[in-house]
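Let's take a tour of a protein model, one topic at a time. Have the sequence and the 3D view ready.

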Amino acid sequence: MSAEDVRNAIKDLNDLDDFVRLEAENTVAMNMPEEIEVLHEELLKPYHKNIKVTLIDIVKSFKDPSSIPVLAELLYDNNKWVRRHASTALADYGTDALEVLNKEAKSEDWRARGQAVWAISKIADPSSLDVLIEASKDEKSYVRSGSVLGLGAIGGPEAKKALEDLIEIEETGFTKVNAQAALDKMNE
């Protein structure tokens, strides 16, 4: 199957007919990873969120490391569901994605920064402790909230101190409650 056939199938992912969409998903998935570059190109185009989310799921299923930078670009997408799906996919790559995620955790775009921090927290690798501590002091509550899960999972005195400091200054109930729960779990 040619790259053009894959591109045409991607367009069918937004069809109203369930059978056409299912056939399109199968066509795209069956031609990977041979056409993964095509999939990467198409992922960055302004498709409807449903198409992008489906493509992210397909890309994620192949665990091809060349997809990591493409998924990181999607952290800047205009649609929050695309950003969240990309973040979750990057977290599924585990430590292979940490270098890119640690970089994105310093982005000027708070939405991308937050998604990166949430993914780093899901991975919870001790090598990212400094990034999560920094995120716990971020100006945006979404980013601070994202750090809590990872700090609690990594544990240790530095993570505990960061959570205690966060609880002292945090005004958002969701973040404060989750930080306290993480601390309580660490103290068990």
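Which side chain does Arg21 meet in a salt bridge? The partner is Asp18, with N and O 2.2 Å apart. A salt bridge here is a side-chain nitrogen of Lys or Arg within 4 Å of a carboxyl oxygen of Asp or Glu.

## What you're looking at

This is a predicted model, in which local features need pLDDT of at least 70 and side-chain atom pairs count only at pLDDT 80 or more, while totals for chains, interfaces and linings use all residues. Residues are numbered from 1 along each chain as its sequence is written, and side-chain values use heavy atoms, leaving out hydrogens and water.

The protein has 12 helices and zero strands. Helices (H or I, at least four residues) and strands (E, at least two) are DSSP runs, numbered from the N terminus. The C-alpha trace spans about 55 × 30 × 30 Å along its principal axes.

## Inside the protein

Of the 188 residues, 48% are buried. Buried means under 20% relative accessible area, exposed means over 50%, and partly exposed is in between (1.4 Å probe, protein chains only). The largest nonpolar core has 55 residues. Such a core is a set of buried Ala, Val, Leu, Ile, Met, Phe, Trp, Tyr and Cys residues joined through side-chain atoms within 4.5 Å. Among the residues with the most contacts inside it are Ile10, Leu55 and Leu151.

Contact means heavy atoms within 4.5 Å. Leaving aside neighbours within four places in sequence, Leu151 is in contact with residues including Leu129, Ile133, Ala162 and Met186. Now find Leu98, which lies in helix α7 (residues 98-104). Leu98 counts as buried because its relative accessibility is 5%. Not counting residues up to four places away in sequence, Leu98 touches Ile120, Ile123, Asp125, Ser127 and Ser128.

## Two helices side by side

Two packed helices are described by the angle between their axes and the distance between the axes. Helix α2 (residues 18-30) and helix α4 (residues 49-62) pack at about 35°, with axes 10 Å apart. The axes are lines fitted to C-alpha atoms, for helices over the stretch in contact, and angles run from 0 to 180 degrees between N-to-C directions.

Who meets whom? Glu25, Val28 and Ala29 in α2 meet Thr54, Leu55, Ile58 and Phe62 in α4. By class, this contact has five nonpolar, one polar and one charged residues. Ala, Val, Leu, Ile, Met, Phe, Trp, Tyr, Cys and Pro count as nonpolar, Asp, Glu, Lys and Arg as charged, and the others, Gly among them, as polar.

## Back to the charged pairs

Side chains of opposite charge can pair when their charged atoms come close. The whole structure has 11 salt bridges. Arg21 and Asp18 both sit in helix α2, three residues apart, or about one turn of the helix. Arg21 counts as partly exposed because its relative accessibility is 26%.

Another pair is Asp92 with Lys60, whose closest N and O atoms are 3.3 Å apart. This one links distant parts of the chain: Asp92 is in helix α6 (residues 80-92) and Lys60 is in helix α4, 32 residues apart. Then there's Glu42 with Lys45, at 2.9 Å from N to O. Glu42 is buried at 1% relative accessible area, whereas Lys45 is partly exposed at 35%. Both belong to a network of salt bridges that links Glu4, Arg7, Glu41, Glu42 and Lys45.
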